[in-house]
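The following note sets out points for the reader to check against the model. It is arranged by topic.

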Amino acid sequence: MVNTKTITVTVNGEEYTNTVNVRKNLIDYLREDLGLTGSHVGCEHGVCGACTLDMNGQTVRSCLMLAVQADGMEITTIEGLPSDGIAEELKKSFAKKNALQCGYCTPGMLSSALEYLNNGGKANKEDIRRHISGNYCRCTGYQAIVEAIYDVAENGVSK
Amino acid sequence: MKSSAFQYELPEDLSAALKLLDSNDMDILPLAGGQSLMPMMNFRLAQPDILVDLNKIDSLKNITIEADSVKIGSMVRYCELEQSEIIQKHFPLIIHVIPYIAHSAIRNRGTLGGSVSLADPAAEMPSILIALNASIELSSSKNTRLVNAEDFFKGIFETDKKSNELVTSINIPISSSPKKFGFYEVTRRHGDYAMAGAVVTSDEGQDSFNETRVILFAVSTKPMRLIKSEAALNGNNLNNQDAISTAIDAVNGNTFESDLHNDEATKETLAKVSLKRAIGGLNG
């Protein structure tokens with residue numbers, strides 16, 4: 001029985017080739033093999049959203065994918081978010097609005113929020129709430145998070 | 001929570017996948033979007049010997065018009081379904097319901113064929129496919145057959161599909177797209193599995209119910225089509241409150257299944273609430 005496979009994945013612009021156990025989840029590969037511990041392991045069954053990251057321009061739950069399925073894919077984790085443009089604006093807005101306390105949900109939350117904004121999401125609190133409904137936060141009560149995303153949707157990128 | 005060990009296969013085409021499903025008597029599971037199977041494996045509710053990943057099979061990823069129906073490949077993801085011009089044009093009911101299915105990150109991976117094969121009683125799509133009179137195409141290495149959606153879903157995680165078969169496409173007659181539909185589900189949080197839900201369709205004839213379909217989900221072991229409710233509505237004006245009351249009363253007497261949070265009586269009540277609101281929300 002062949003239980004390992006060699007994969008090549010581009011993570012945050014850098015190409016990695018590793019041999020992984022086929023049962024290893026993508027999140028565990030990123031954290032254990034690549035040392036990228038910014039993405040968090042929460043529930044490990046797709047409910048909490050803490051492991052949400054960007055794969056080929058779309059958000060995915062990295063606990064619901066095998067590392068071998070990321071072969072040939074391009075992944076962006078919290079470590080690879082650009083320090084300019086909408087991503088930077090969002091980070092600043094989260095800090096300004098106190099949209100995090102313990103920070104456990106934040107990498108996944110930012111990933112979902114970025115997808116919302118990059119897909120033309122409007123400054124509409126109901127829509128924002130619906131879009132981040134797959135991301136649990138146990139600290140903030142969501143109000144500050146919704147306001148942080150709302151502000152970026154409304155004001156865009158400051159010059 | 002990590003899955004148990006398995007052998008991983010990544011077939012490049014359908015015939016290779018079907019051959020794998022056929023090849024021996026080990027526990028072999030096909031992996032589609034993985035948004036239900038992966039948690040089940042992490043919980044060790046599923047412990048396949050061999051996992052057959054279908055994600056490389058391009059022939060299962062198309063949406064095409066064939067004669068008078070639309071053929072949706074089983075590996076079409078929800079996010080692709082939502083953006084398909086063919087689906088937008090012909091099946092507004094599907095477009096309306098997709099945002100109710102989990103969350104964006106799940107819909108970016110989850111597939112229609114996966115949902116159909118799993119047959120979770122709380123899932124939306126099985127009921128929608130019955131409302132749309134869809135057929136499920138099943139293929140094995142030996143033959144291909146079509147099963148009407150209404151006959152396909154048998155019970156909790158139970159379908160007409162045999163272990164050596166794959167759902168290869170979902171076929172929906174374009175003429176089955178209703179002129180009016182209503183949809184309502186009760187959930188604790190947006191995107192959660194429904195506690196109860198209802199879909200109502202009608203081919204409107206001068207403001208009256210016509211060829212109505214009424215289907216409840218998340219209240220029993222499988223989608224529950226209510227023929228008596230349909231009969232009560234058919235031919236009556238869309239605002240006929242007596243007919244609507246009779247249709248909602250016809251929910252009584254059916255067999256409801258409890259879940260972790262709701263007993264049978266609650267399910268029956270929520271079924272009526274859902275049906276009432278689905279009828280009330282009928283739109284064109």
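1. The centres of domain 1 and domain 2 of chain B, taken over C-alpha atoms, are 19 Å apart. Chain B as a whole is divided into domain 1 (7-53), domain 2 (58-175) and domain 3 (178-280), with bounds that come from an automatic or database domain assignment. The model is predicted: local features need pLDDT of at least 70, side-chain atom pairs count only at pLDDT 80 or more, and totals for chains, interfaces and linings use all residues. Residues are numbered from 1 along each chain as its sequence is written, chains are lettered from A and ligands numbered from 1 in the order in which they are written, and side-chain values use heavy atoms, with hydrogens and water left out.

2. One salt bridge is counted between domain 1 and domain 2 of chain B, a salt bridge being a side-chain nitrogen of Lys or Arg within 4 Å of a carboxyl oxygen of Asp or Glu. Lys142(B) and Asp22(B) meet through their side chains in a salt bridge, at 3.0 Å from N to O. Two residue pairs in polar contact, both at pLDDT 80 or more, are also counted between domain 1 and domain 2 of chain B. A polar contact is a pair of N or O atoms within 3.5 Å; within protein, one must be able to donate a hydrogen and the other to accept it, and residues adjacent in sequence count only if both atoms are side-chain atoms.

3. Helices (H or I, at least four residues) and strands (E, at least two) are DSSP runs, numbered from the N terminus.

4. Turning to the two chains, 31 residues of chain B are in contact with 31 residues of chain A. The chains bury about 2,500 Å² between them, 54% of it on carbon and sulfur atoms. Of the area that chain B buries against chain A, 21% is supplied by Tyr8(B), Arg109(B) and Arg189(B), more than by any other three residues.

5. Across the interface of chain B and chain A there are twelve residue pairs in polar contact, both at pLDDT 80 or more. Strand 1 (7-9), helix 2 (37-42), strand 3 (50-53) and helix 6 (104-107) of chain B each supply at least two residues of the side that touches chain A. By class, this side of chain B has 13 nonpolar, twelve polar and six charged residues.

6. Two salt bridges are counted between chain B and chain A. Lys2(B) forms a salt bridge with Glu44(A), with the closest N and O atoms 2.5 Å apart, and the side chains of Lys2(B) and Asp28(A) meet in a salt bridge at 2.8 Å, N to O. Lys2(B) lies in the segment before strand 1 of chain B and Asp28(A) in helix 1 (residues 26-33) of chain A, so the pair joins two chains. Lys2(B) counts as partly exposed because its relative accessibility is 32%, whereas Asp28(A) at 6% and Glu44(A) at 10% are buried. The cut-offs are under 20% relative accessible area for buried, over 50% for exposed and in between for partly exposed (1.4 Å probe, protein chains only).

7. Within chain B, Arg225(B) forms a salt bridge with Glu150(B), the closest N and O atoms being 3.0 Å apart. This pair links distant parts of the chain, with Arg225(B) in strand 14 and Glu150(B) in helix 9 (residues 149-152), 75 residues apart. Arg225(B) is partly exposed at 24% relative accessibility, and Glu150(B) is partly exposed at 32%.

Methods. Contact means heavy atoms within 4.5 Å. Buried area is the accessible area (1.4 Å probe) that two parts lose on being put together, summed over both. Ala, Val, Leu, Ile, Met, Phe, Trp, Tyr, Cys and Pro count as nonpolar, Asp, Glu, Lys and Arg as charged, and the others, Gly among them, as polar.
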